[in-house]
Amino acid sequence: MTTPLSPTAPRHDPPAEAVAPLVRGVAVLTALTEAGGTLSASALERRTGLARSTVDRITATLARTGYVRQDGRDAVLTPRVMELGNAYLAALRLPALLDGPADALADELDESVSLAVADGDGIRFIHQATRRRAMSVSFRIGDLLPAERTAPGPLFAAQWTEPEWTAWRARRAADPADAGFPAVPPRGTTADDFAARADRARRDGWALDDQLIEPGLVAVSVPVRDPATGRVACVASVVSHTSRHTAAELRTALLPRLRTAVTAMERELREAAPPRPGPPPSGLAGWTTASKHELGRDFVESLARGLTILTAFGEGRSALTLTDVAKATGLARATARRALITYEHLGLVTARDRTFSLTPRVLSLGYPPLSRTTLARLAAPHLRALTDRLREPTALAVPVPGTDPAEIQYIAVATASRVLTVDITVGTRLPAARTSLGRALLAPDGPPGYALADEELESGLRSIAVPVRDRTGRPVAALNVATHAARRSLEECVTDVLPHLRTTADHIQTDLRIASRFTRVPLS
């Protein structure tokens, strides 16, 4: 059975100048995203309609870029693919400017708060402040919802032109069950009163979702307007369920506080300093050429080069000319132009006044399934790779708050296939002072940058650890390798194990920096 096209997928043949491998690569990334981040090669073949050899070459190229890793027969999205969505979110600036007021409102109300932008005739989330409960809202940054089944939708539709309404009606007729919106359950038989809801939202300045997505889910929304144009820049929503608030209670109890928060958000937009462009990525074209020479026909250079174009955008670089893109990536103007034409066809880029900008649809390339990752999940494949390389068990641990004396807790482990090995499971708590993990976390910054433990926790057990730091440089976890004293001396732990340990910690830190730029990454 073929998967229904996304409602925002291109509905016409690509232009003659489009880069076919780039179209196929985007199709593979989209299929992986809609499947939750993991698919076998045969499943990718079925979902995309591509030949198996083409799927293999595309996944090999995506693995080289770091956007996918191969896990047996499966292709798995990695946190690095989030740099594509991060480029859009940084260029947009709204999450960086408004996440503080949104998070504060969520804390004040003890309810989930979201920010969403328009994407065609749907709405796409750009920020989520979700309460962690047994029953909580599961929407993610990047998820696309049909406008008519949401509270933000009528507020955006209040600005639609007649051609936009025509496109919405056509989509509804072509996809009556909303199969093209994998983030929501199939549409039931609901009254078709969306136009009336849009008129009411235009008049009232707010909108309500009374269980339109699924039974029990309710939300109230208020638009956040661009101070320069007066148009809706994004929509802020408070989301709850009927066991906590009815739809009527959302209006009476929560709407006034939501409006106060939106006023603060609009003030934040008015008073924001102009963006300060950071340095664009450099050396990308050279990197793809070197990869082509190394991997040969298994590396699809036009796909890799096309993907680098998306990362040329960012804060202070929201609208770029063709010359800007070529300069930022090191690509020839003709190459950059064909990739931009392809992205415009795919709806990932929009062109206006000879400049190009990313669209919210860039978030459909891997962001939703990874926006809810944890440090433990993010680190797991790196631990497994280190264990396989050294044939020694590895572990990641975090400090336990409020313990005296200090304790650590294991949140990820990778065991080695040895007769004599360390058997410490996830969740185990140990005294920090007696472990290399705890010492690496508690040690002051500066040399040597690692910690050793020599048979202090148990006779024969020797380990070495290094800290894992977040975006601010603060140590949030520690990574170690454990061994038996008969296998490696202390000196060998430093000379043979430490370099691999530091490289692995660097990989985890890189993934953590990318994943946590616009999302909160819990420890476990």
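1. The model is predicted; local features need pLDDT of at least 70, side-chain atom pairs count only at pLDDT 80 or more, and totals for chains, interfaces and linings use all residues. Residues are numbered from 1 along each chain as its sequence is written, and side-chain values use heavy atoms, with hydrogens and water left out.

2. T394 belongs to strand β12, residues 394-400 (strands are DSSP runs of E, at least two residues, numbered from the N terminus). T394 counts as buried because its relative accessibility is 3% (buried means under 20% relative accessible area, with a 1.4 Å probe and protein chains only).

3. The side chains of T394 and T387 are joined by a polar contact of 2.9 Å (a pair of N or O atoms within 3.5 Å, where one must be able to donate a hydrogen and the other to accept it).

4. Three cavities of 30 Å³ or more are counted (a cavity is a set of points on a 1 Å grid where a 1.4 Å probe fits but cannot get out; lining residues have an atom within 4 Å of a point). The largest cavity holds about 190 Å³ of space (a volume is the space filled by probe spheres set on the points).

5. Lining the largest cavity are 20 residues, and Y410, V422, I424, N480 and A482 lie nearest its centre. Strand β13 gives the largest share of this lining, three residues.

6. The second largest cavity holds about 100 Å³ of space. Its lining has 13 residues, with F125, F139, D209, A219 and V239 closest to the centre.

Methods. Helices (H or I, at least four residues) and strands (E, at least two) are DSSP runs, numbered from the N terminus. Buried means under 20% relative accessible area, exposed over 50%, partly exposed in between (1.4 Å probe, protein chains only). On a 1 Å grid over the protein atoms alone, a cavity is a set of points where a 1.4 Å probe fits but cannot get out, and a pocket is an open set with protein on both sides within 12 Å along at least five of seven lines; lining residues have an atom within 4 Å of a point.
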